[in-house]
Amino acid sequence: ETTLKAVSAFPSNLAFAQSFQGFVDLVNERGKGVVQIQMMGGPEVFPPNQQIDAVSRGIVDMQYGPATYSIGSLPEAYAFVGGTVDPVETRKNGGLDVMREAMLEKLGVYLLGRPDSDIRFYIYTTGEPKRTGDGGVDLSGMQLRALPIYNKFFESLGAVPISVPVADVYTGLERNTFDGLGFPMIGIRDLSWDKFLKYRIDPGFFQGDLSIVLNPEAWEGLAPEAQELLTQAAADWEVQSGEHFTGLAKETEAEIAKAGVETVQLEGEAAEKFLDAAYETSWQALKESGSPYYDRLRETFYDR
Amino acid sequence: MSWQAAALLLGGGVIFLMALGTPVVIAFLTVNLIGAVVFMGGLGGIDQLIANATSSITSFALVPVPLFILMGELLFHTGMAVRVFDALDKILGAIRARLAYLTVIGGTIFATLSGSSIANTAMLGSTLMPDMEKRGYSKSLIMGPIIATGSIAMIIPPSSLAVLLGSLAKIDVGALLLAGVVPGIILSLMYLAVIRLHVWIDPEAAPPVSPVSVPTREKALALLRDVAPMGLVIFAVIGLIILGVASPTESAAFGVLAVAVLALIYGKLRWKAVEKALWGTLSVSVMMLVIILASATFSQLLAFSGASAGLVAWMAGFELGPHATLLAMLAVLILLGMFMDQLSIMMLTLPIFMPLIGMQGIDPLQFGIIMLLALELSLATPPFGLLLFVMLGVAPKGTSIWEVVRACLPYLACTLILILVLIWLPGLIIWQ
Amino acid sequence: MMAILGKLYSGLIHVLAVLAVISILVATGLILGDVTMRYLGLGSIRASSTLIEYALLFSTMLGAPWLMRRRGHITVTSLVEQLPPAGRKAAGALALGISTVTLLILGWRSAMVGYDKFLRGGADIRSIAVPEWIAYGILATGFVLMGTECLRLILQRRFEPHGSVAA
Ligand code: NA
Ligand code: NA
């Protein structure tokens, strides 16, 4: 029996960390006598953006977290957020293999799977967004808290992306220091931001970028039986966690609607235009990085 | 390695090296180095340690530390602080220990706007310490109130730490923030009482009451000429936050600007004074931030080695009633607080504490406030207490860490008493 | 020759400290500019938050060797002061020896990891992208010079424990 040490990019109480714990439990149950996973902790043991390095150095064997944290070394992570094809399909069409190759080359880690991908990101605002003549939104003059991966998209809508530390967001919204933010549906209530956010722009954009990676030597050192077990567990978990998060997102959507967050619904062509802008900024960024994987990733991850 | 052995190696190592006279930052770095080799393995472990360190202080939340220190140093070296305190002395001349009371009142007001205890203490310390010392206040009557009041910033809303605690523990953030108001005010009142008691026991601790009463006209003039213009500084720091123009983190920069502008108007912005202020700022902020850098990685190592998780799990293994559970948690928090930073403590303990809270039927809000207060204590407990280090940075040469700790003790006791009241009679303090 | 080298070395420590002060001032200026622009609706200085975050690391690590020279790092000296003079000297020598070794190892590894990052060309993506090697380079500079400052004290046989803080 081999024991793999694992870390997660999220504190263990949060929804995403619990999803990973679900995967760990699944492996530990199926893998008795073959392979086990030992959770070492979350951001309290390694800063999230240093965890991938800890895996490639072999200090821990496995990590779960957003691939875009490594976007400075792995521009290919844009294919995760800009992708539209689900994990089951990317296992079949070879997309996962392309990404695996890229992550091994750029980060020195082995990509096992990408659970929790069925996540949409939304723009939430404190004031009502202006509408354009063709039914779209015009966010000019709005300052939105953004992660680097949204910057270009927000700018294309006229908004000014600003960076605000997580801990300062609550007070910033309370005092109107900025006008809104981009965030997934899952977890928006964890920090009680929904108290100040009055509007949510629908449709949601992007896709989850969470991945489970292993140290390549640790992976190679596993018995074939253990490798198979992990691969199967990852594939199964991609489906199970996907369903779980889809359900959770629906629940949250209903909850925040009930709490008074109004939905700004974009329809038909305006919605398509909005989404095009979102997805295209990701692929554009990947293309500009000069990645040799661009064509293969675009083919296997994107089907809009 | 068992968790006890790991804890002994890491915690004991730091204490031993500090006692040997190794600078605090290097004591942490040395133990980090040994710990990285032992627990993470060889050179790779050391490399990881360094990688972790690159993320430790490149954080926007720490910006107010150097900026508030710069503001205080400028106030002091340009002589602006003296004018204000002279005026206040004139106006409040009949009250013994007036500046100590003002520290608590002013600090509490600022706590309703700033969410960072470290920034708050840095501001109060660098502004008040040098001048109060010159006026003949005893060190303990200066440092105790500054640290105590500075640390209230994380109890009274806004508080970044309460927001993170709420989200990690799944406690309603708004309710938790609101629940901090009453304990914060009670603490502040207790601090005022402690000062009163202090000067009653030891009248020498504060300069004497001014023998002649100053005519009202002169008081009004002093207020207008020397205190009122300081409104510009207060507006720059506090007003811009209230107006939503600047975040509490950013407002420190406007405080610096306002002091510089005022000094210019008063004709006190001499190069000599500015130079002294700049070097003083560098010295204090480097000694703080370099310790934060080293101790953040130390906390991570403590978590990775299993030492702290072992302690928490060990405590959770006892089957205790609600009161005893809260007491045991308090003990664990105090113990971890001696060595770890607040955020790491929260991430480490909450996954184990929260189910226990649920099982015992303890009100999560009650627990949340107790946890916040316990974390507040950790800022001032040796050997690793950031507020102690802030104070040492601005205190006159030769001030020892024990002097600072002794000065804080009565105020720490207030917090401890409040926690005990919260454990047994939460209804007195949490109003829902 | 040695005297010139010594002067150059001291000059370096001082110049880095000046740079550290400048980076604090730049951070202040960037915040002022950024908030003002935001208030006037002129947008935001994209680079400012990243530059400010790095200014913290920059000023800390470049100021640390200077603070070491002024022996201003917080030190607990009350326990060693209880020792007889010979014991005090021995404790001071041990503390300085340990410090030198720790700092030089950390400086060496920071430089090696930084070099590796430089060759790989990765970036730390914040509001703007910063080459990853920069943070390691700053750490390496700070650690190595702090180490050489300790070494200097050993060579000058100044073993008396001493800090801004006597405890
Ligand atoms: Na506060
Ligand atoms: Na402490």
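Where in chain C is Arg71(C) found? In this predicted model, Arg71(C) sits in the loop that runs between helix H2 (48-69) and helix H3 (85-120) of chain C.

Residues 51-69 of chain C are 100% helix and 0% strand, and their end C-alpha atoms lie 27 Å apart. For residues 90-113 of chain C, the span is again 100% helix and 0% strand, with 35 Å between the end C-alpha atoms.

The next stop is the meeting of chain B and chain C. Here 58 residues from chain B and 59 residues from chain C take part in the contact. About 5,100 Å² is buried between the two chains, and carbon and sulfur atoms give 79% of that area. Across this interface there are 6 residue pairs in polar contact, both residues being at pLDDT 80 or more. On the side of chain B that touches chain C, the elements giving two or more residues include helix H1 (3-19), helix H2 (24-56), helix H13 (248-265) and helix H20 (401-424) of chain B. H2(B) gives the most to this side, with 14 residues. By class, the residues on this side of chain B divide into 42 nonpolar, 13 polar and 3 charged.

The interface of chain B and chain C also holds 2 salt bridges. One of them joins Glu250(B) to Arg38(C), with the closest N and O atoms 3.0 Å apart. Glu250(B) belongs to helix H13 of chain B, and it counts as buried because its relative accessibility is 7%. Leaving out residues up to four places away in sequence, Glu250(B) touches Phe60(B) and Val245(B), together with Ile31(C), Val35(C) and Arg38(C). A polar atom of the Glu250(B) side chain also lies 2.9 Å from the backbone nitrogen of Ser247(B).

Chain A meets chain C as well. In this case 16 residues of chain A are in contact with 15 residues of chain C. The two chains bury about 1,100 Å² between them, with 41% of it on carbon and sulfur atoms. The rule finds 2 salt bridges across this interface, and one of them pairs the side chains of Glu155(A) and Arg46(C) at 2.2 Å, N to O. There are also 5 residue pairs in polar contact between chain A and chain C, both residues being at pLDDT 80 or more. Helix H6 (151-156) and strand S9 (160-162) of chain A are the elements that give two or more residues to the side of chain A that touches chain C. The largest share, 3 residues, comes from S9(A). This side of chain A has 5 nonpolar, 7 polar and 4 charged residues.

Two further residues of chain B show how individual positions are placed. Ile362(B) lies in the loop between helix H17 (342-360) and helix H18 (364-378) of chain B, and it counts as buried because its relative accessibility is 8%. Residues up to four places away in sequence aside, Ile362(B) touches Pro322(B), Leu326(B), Ile357(B) and Phe367(B). Val82(B), by contrast, is partly exposed, with a relative accessible area of 23%. Its place is in helix H4 (residues 80-91) of chain B. Apart from neighbours within four places in sequence, Val82(B) is in contact with Asp131(B), Lys134(B) and Arg135(B).

Some backbone details complete the picture. The peptide bond from Asp202(A) to Pro203(A) is cis, with omega near 10 degrees, and Pro203(A) is found in strand S11 (residues 199-205) of chain A. Pro382(B) and Pro383(B) are likewise joined by a cis peptide bond, with omega about 0 degrees; Pro383(B) lies in the loop between H18 and H19 of chain B. Asp116(A), which is not a glycine, has a positive phi of about 55 degrees. Asp116(A) is placed in the loop between strand S4 (110-113) and strand S5 (121-125) of chain A, and it counts as buried because its relative accessibility is 0%.

Technical notes:
Residues are numbered from 1 along each chain as its sequence is written. Chains are lettered from A and ligands numbered from 1 in the order in which they are written. This is a predicted model: local features need pLDDT of at least 70, side-chain atom pairs count only at pLDDT 80 or more; totals for chains, interfaces and linings use all residues. Side-chain values use heavy atoms; hydrogens and water are left out. Contact means heavy atoms within 4.5 Å. Buried area is the accessible area (1.4 Å probe) that two parts lose on being put together, summed over both. A salt bridge is a side-chain nitrogen of Lys or Arg within 4 Å of a carboxyl oxygen of Asp or Glu. A polar contact is a pair of N or O atoms within 3.5 Å; within protein, one must be able to donate a hydrogen and the other to accept it, and residues adjacent in sequence count only if both atoms are side-chain atoms. Helices (H or I, at least four residues) and strands (E, at least two) are DSSP runs, numbered from the N terminus. Ala, Val, Leu, Ile, Met, Phe, Trp, Tyr, Cys and Pro count as nonpolar, Asp, Glu, Lys and Arg as charged, and the others, Gly among them, as polar. Buried means under 20% relative accessible area, exposed over 50%, partly exposed in between (1.4 Å probe, protein chains only).
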